[in-house]
Amino acid sequence: IVVLTITALLWSPLTILFSNSKAAKEFILGFGSLAPIVFIFLIALQVIISPIPGQIAGLMGGFLFGTLLGTVYSMIGLIIGSYIIFFVSRKFGRPFVEKVVSKKNLGWFDKISEEKGAFTLFIIYLLPLFPDDIISYLAGLTKIRMRNLMLISTFGRLPGFIVLGLVGSGLASENSTFSITLMAIM
């Protein structure tokens, strides 16, 4: 109930924030020296409220803080958010996850995780087209140890977030040719 209430209250502002780069930059950088902490919190929240695309958040990190710091801050937020999702999924189990994830996705993931395990989960996180945040809810149901889930999630997402940080940084420096080329390659 607490998560749903917070989600309902923050849904509209977060959607606006992540869809308007100028508003996001003004909002986050307006916190001064606390801006990285606010950004990390928003990234963690983005992971938990999975319909907000993580790619936008990764671009925002590069746009606001440059490639290196944007990637570091994004990954810290991803790690925190993923841990919370894994923990909540394990704590409340399948009935909770069934309310968050469609039965079609749940059935597909059950089959994949039983047959292939941790390596396939790593590949899913590595590929940019999969909904990583929804996958995290499902991964929490597996028998993979929490520490291993965290490693798989972190290292699977890292290459994509480095590229997103580079693209976001390129957009901030108005080097759109570089950014568009890099995004196309990704």
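From the N terminus on, the elements of the predicted model run α-α-α-α-α-α-α-α-α-α. The protein has 10 helices and 0 strands. Both kinds of element are DSSP runs, numbered from the N terminus: helices are H or I runs of at least four residues, strands are E runs of at least two. In this predicted model, local features need pLDDT of at least 70 and side-chain atom pairs count only at pLDDT 80 or more, while totals for chains, interfaces and linings use all residues. Residues are numbered from 1 along each chain as its sequence is written, and side-chain values use heavy atoms, with hydrogens and water left out.

Of the 186 residues in the protein, 44% are buried. Buried means under 20% relative accessible area, exposed means over 50%, and partly exposed lies in between (1.4 Å probe, protein chains only). Among contacts with a separation of 6 or more, 72% join residues 24 or more positions apart. A contact means heavy atoms within 4.5 Å.

The largest nonpolar core has 40 residues. Such a core is a set of buried Ala, Val, Leu, Ile, Met, Phe, Trp, Tyr and Cys residues joined through side-chain atoms within 4.5 Å. Phe39 and Leu121 have the most contacts inside this core. Several helices give two or more residues to the core, including helix 3 (35-48), helix 4 (54-65) and helix 5 (67-100). Helix 3 gives the most, with 8 residues. Leaving aside residues up to four places away in sequence, Phe39 touches Ile28, Ala57, Met60, Gly61, Leu64, Phe65, Gly70, Tyr73 and Ser74.

Helix 4 is largely enclosed by the rest of the structure, because 10 of its 12 residues are buried. Among the buried residues are Gly54, Ala57, Met60 and Phe65. At 1.5 Å a residue, helix 4 should span 16 Å. The expected span is 1.5 Å times one less than the number of residues. The end C-alpha atoms of helix 4 are 16 Å apart, which agrees. Just after this helix, Gly66 takes a positive phi of about 90°.

The accessible surface of the protein comes to about 10100 Å², and 71% of it belongs to carbon and sulfur atoms. Areas come from the Shrake-Rupley method with a 1.4 Å probe; for residues, only the protein chains shown count as cover. Leu68, Val72, Ile76, Ile80, Tyr83, Ile84 and Phe87 form a nonpolar surface patch, with about 610 Å² of accessible area together. Patch residues have over 30% relative accessible area and no salt bridge; nonpolar side chains (Val, Leu, Ile, Met, Phe, Trp, Tyr) are joined within 5 Å, like charges within 9 Å. A salt bridge is a side-chain nitrogen of Lys or Arg within 4 Å of a carboxyl oxygen of Asp or Glu. Ile76 lies in helix 5. At 34% relative accessibility, Ile76 counts as partly exposed.
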